[in-house]
Each structure stands twice: as structure tokens, then as C-alpha cells.
2 protein chains.
Amino acid sequence: MNPAKTGDSARPYHHGDLRRAILAAALDVITVDGPSALSLRDLARRAGVSHAAPAHHFKDRTGLLTAIAAEGYELLAGALAEAEDLRDAGVRYVRFAREHPAYFQVMFTPGLLRDNDLELTTARTLAGERLRAAVTAVPAEGRGPDARLAGVAAWSLAHGFATLLLSHNLDGPVGDQDPEEVFRALTGMLFRSR
Amino acid sequence: MNPAKTGDSARPYHHGDLRRAILAAALDVITVDGPSALSLRDLARRAGVSHAAPAHHFKDRTGLLTAIAAEGYELLAGALAEAEDLRDAGVRYVRFAREHPAYFQVMFTPGLLRDNDLELTTARTLAGERLRAAVTAVPAEGRGPDARLAGVAAWSLAHGFATLLLSHNLDGPVGDQDPEEVFRALTGMLFRSR
DNA sequence: CGGGCAATCTAGTCAGTGTCAAGTTGTGGA
DNA sequence: TCCACAACTTGACACTGACTAGATTGCCCG
């Protein structure tokens, strides 16, 4: 029998899509308070479900974070796939970080994830390939002789900018300008001579 | 002054330098298992001290992390102060991240720190100034008209490279090469035309 | 020299957490 | 129809951070 609860009629024994609900709640929490504030019991409470229910869908806390990261890499791969050129890919990378800070944070915080998870690694390599594709699309005389090095450079630049942005380290320099525009100007400055 | 501390039979009531011992143990734990694995009780156990002793030196868990971050910014500022030019500053930034991954991780993981802490903010602004100094040391015709933008670009590049390195996202592209050399080559590629 | 005092550490408690094991309820497939 | 399995609940355990009160110690000042 269900204990008291708020709102609608009696909740069915089966939630319907508990997995989705937990994920959504988790993203909310992470966005506001960061991954370390995540509590399976709290998520269960938000979904109106018993304290051990989440463990049935994501074995652990780590399992939950891993699932989030995998989904994040899929979203990122999707965004990068539509990029017109390398600079656009960079802009989309930054935009992804700003629009989905929770995903981004989980994806790139080491020690939070089960690195050998299959779903995670495949999503991750897919996103990596999309990035490499954007780099190799640049004509060789524009990007220098070493495509691999150019890829690292582009990724570092976009990733560093996005990370510093999220950790509020660019609040001063960027101010109230549109971060995407700043990033565009930044790449324009670095590559102006080509 | 201090009673003997290591190896002897009965532990003295006063540890001697518990604060230092806790910090050192914390850095070990973070290096191996990340900040989320940090437990005050575990640190107390490692230092051979009661479970509540750490709280006397660092009010909370957050206080401990904040102290670590502040010390990290001081170390970073010290490293940047000795830089010869902008590229060298970047190399030192990357080297700092590799030599002190625990500090680096804590410093740039939002939500872990007490951002309004005085010691933290002063150390942070000091490091920021050292970075700006390295940028403005570059002659204007080499860095373009906008020093602020050039600073963001340089910081993003170094920070992104360091972050991706620590999260093992460059294990493939960089391979077994010396990361500092790769970074040097990378900046050489980006700035070859000046 | 000796008493007091503040820094340091101990010990106990409380609410909250992840995880495990075993039970209960609903549902789809043979 | 019925039954095996998936989804969820319930209860328990060991752990955590935070808080409190009290014990111990070394040092300063008279």
C-alpha cells in the first residue's frame, strides 16, 4: 500500500519510466549543486519512489553517473555532426557545455565514472571521431602538416574555454558579452594569418 | 618543542603538525581516488587521530578542500612567476597540472570550494595576475591588438590541454610522447606565422 | 616555580547515505 | 490461464559529516 503523497490519485506500483525520471532529477541536482551533492535517496524521494528503487536501474551511484556521461557524449556527438567547419564545431562544443553544464561536468570529471563501461566508451569514441572529422575537413595547407596535433590544439582550445567558462574563471575577462562570440573572436585572432 | 612523532610507542596527545599531516593524506587520497572519495574520518584514521580532530583545523570537508585549493593557487602562482615568456608560462601551467593533479582538480572543480574564502580568493587573484603578466609581456605586434582576448586564448589552450590530459582524453593522440613537448609543438604550430 | 588557560584532541550522538538481501506487486508471453 | 520475470518495497547494516561536551596537554605570566 502506498503511503501518503502529494497531488494526483494513487500512484501505480510501477512508476512507468522511472529511469528517465531519475536521470532528469539527477541533471537538475547536478546543475544546481554539482555531482558531489548527488544522492540516490534524494532522487528516489523526488520521483516519489522508495529509497532503493534507483539502484535497480543504475546499479550504483557510479552507474548513474556513467549513464549520464554516456548520454552526454551522444548528445555532443549529435551536435558536432551538424558542424559546418572546424570553427563551427568549436562553437558547438562551447554551446553544448553552456546548455548542458551537468552533462559536461560529469563527462570530464575523472574518478566519477566507470571507465570500462561499454555504453560509455562507444559513445565517447563516437564523439571523438566526430571531432577528428571536423579537423581533417580543414584543407591541409590551412591546418599544418600534422592533423593529429591540430586536433589536439582545437580540442584543447574549445575545451579549456568551455571549462573555464563553467567554473566562472572567465567572468571577469568575458564580462557580459556573448561567450560564443568571444570564442569566435578568439579563434579569429589565432588563425587570422591563414 | 615538538615531541617525537614517528615510529615511537605511545602517541603523544598532541600530534605536532596535524594540519600538515591531514593535508598530505588528503592529497594522496585525491590523487588516487578523486575528491569525492575524501572522508574526514578516513584522514583522521590515517593520521592516527580521533575522528573529529580534523574538523578543528578545517571546519568542514569544504574547508579542507578550500585550504587545498588556496595552497594550489599559491603553488601555481610561484611556478608562473619564474616563467620566461608566454609559451614557457603555458608549459609550466601544464607541468603544474601533471605534477600536482590533486591540487589542480580541486582548484577547478566548481561546487567543492567555499568561493568567498579570503585566503582562497587572494591566492586565486595572485595567480591570475601572474598569468596576465605573462601575456602582456608579449610585444603587441605579436599578440594582436586585444591583450585581454589573447590572455583568454592562452589560458584556454593551456587549461584545456592540461584538463584533457588529466582526464586521460589525450592518451590516444599524445601516446607515450612527453606531454610538455607536445604542448610546445602545439603552440609552435598555432603561432608559427608570427 | 606553579597555577591558569587556550589550543588540541577524545568520545559520544545524530541524521543522512549507499548497498545488500529478501519480500511484494504487476505484467507480458507461452 | 498461469507463471516467470521485471519493477518496486521494506528493512537492515556499516559508513559518513557535523555537532557537542569534556579530557589532556603545553606554554605563558605572575
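What area is buried between domain 1 of chain A and domain 2 of chain A, and what percentage of that area do carbon and sulfur atoms give?

Guide: The model before us is predicted. The area buried between domain 1 of chain A and domain 2 of chain A is about 560 Å², and carbon and sulfur atoms give 67% of that area. Chain A contains 11 helices and zero strands. Along its principal axes, the C-alpha trace of chain A spans about 70 × 40 × 30 Å.

Within this chain, the domain assignment gives domain 1 as residues 18–57 and domain 2 as residues 69–190. The C-alpha centres of domain 1 of chain A and domain 2 of chain A are 27 Å apart. Where the two domains meet, domain 1 of chain A contributes seven residues and domain 2 of chain A contributes seven residues.

Consider next the side that belongs to domain 1 of chain A. The residues there that lose the most area to domain 2 of chain A are A:Leu27, A:Ile30 and A:Pro35. Together, these three account for 64% of what that side buries.

Side chains of opposite charge can pair when their charged atoms come close. Across the interface of domain 1 of chain A and domain 2 of chain A, one salt bridge is found. A:Arg20 forms a salt bridge with A:Glu71, and their closest N and O atoms are 3.0 Å apart. By class, the residues of domain 1 of chain A that touch domain 2 of chain A comprise four nonpolar, two polar and one charged. The count of residue pairs in polar contact between domain 1 of chain A and domain 2 of chain A is one, with both residues at pLDDT 80 or more.

A search of the whole structure finds 22 salt bridges over all chains.

The domain contact may now be set beside the contact between the chains. Here, 40 residues of chain B are in contact with 39 residues of chain A. The area buried between chain B and chain A is about 3500 Å², and carbon and sulfur atoms give 67% of it. On the side of chain B that touches chain A, the elements that give two or more residues are α8 (140–143), α9 (147–166), α10 (171–174) and α11 (179–190) of chain B. Of these, α9(B) supplies the largest share, 14 residues. By class, this side of chain B has 22 nonpolar, 12 polar and six charged residues.

Finally, let us consider how the two chains are arranged. Chain B is superposed on chain A by a rotation of 179° with 0.1 Å of shift along its axis, at an RMSD of 0.1 Å. The two copies are therefore related as by a two-fold rotation axis. In chain B, the C-alpha nearest the axis belongs to B:Gly160 and lies 1.7 Å from it. The same surface serves both copies, since 98% of the contact residues of chain B recur in chain A.

Methods: Residues numbered from 1 in each chain as written. Chains lettered and ligands numbered in written order. Heavy atoms only, no water. Least-squares fit on C-alpha atoms with pLDDT ≥ 70 in both. Contact = heavy atoms within 4.5 Å. Domains from an automatic or database assignment. Buried area = accessible area lost by both parts, 1.4 Å probe. Salt bridge = Lys/Arg side-chain N within 4 Å of Asp/Glu carboxyl O. Polar contact = N/O pair within 3.5 Å; in protein donor to acceptor, adjacent residues only side chain to side chain. Nonpolar A, V, L, I, M, F, W, Y, C, P; charged D, E, K, R; others polar. Helix = DSSP H or I, 4+ residues; strand = E, 2+ residues; numbered from the N terminus.
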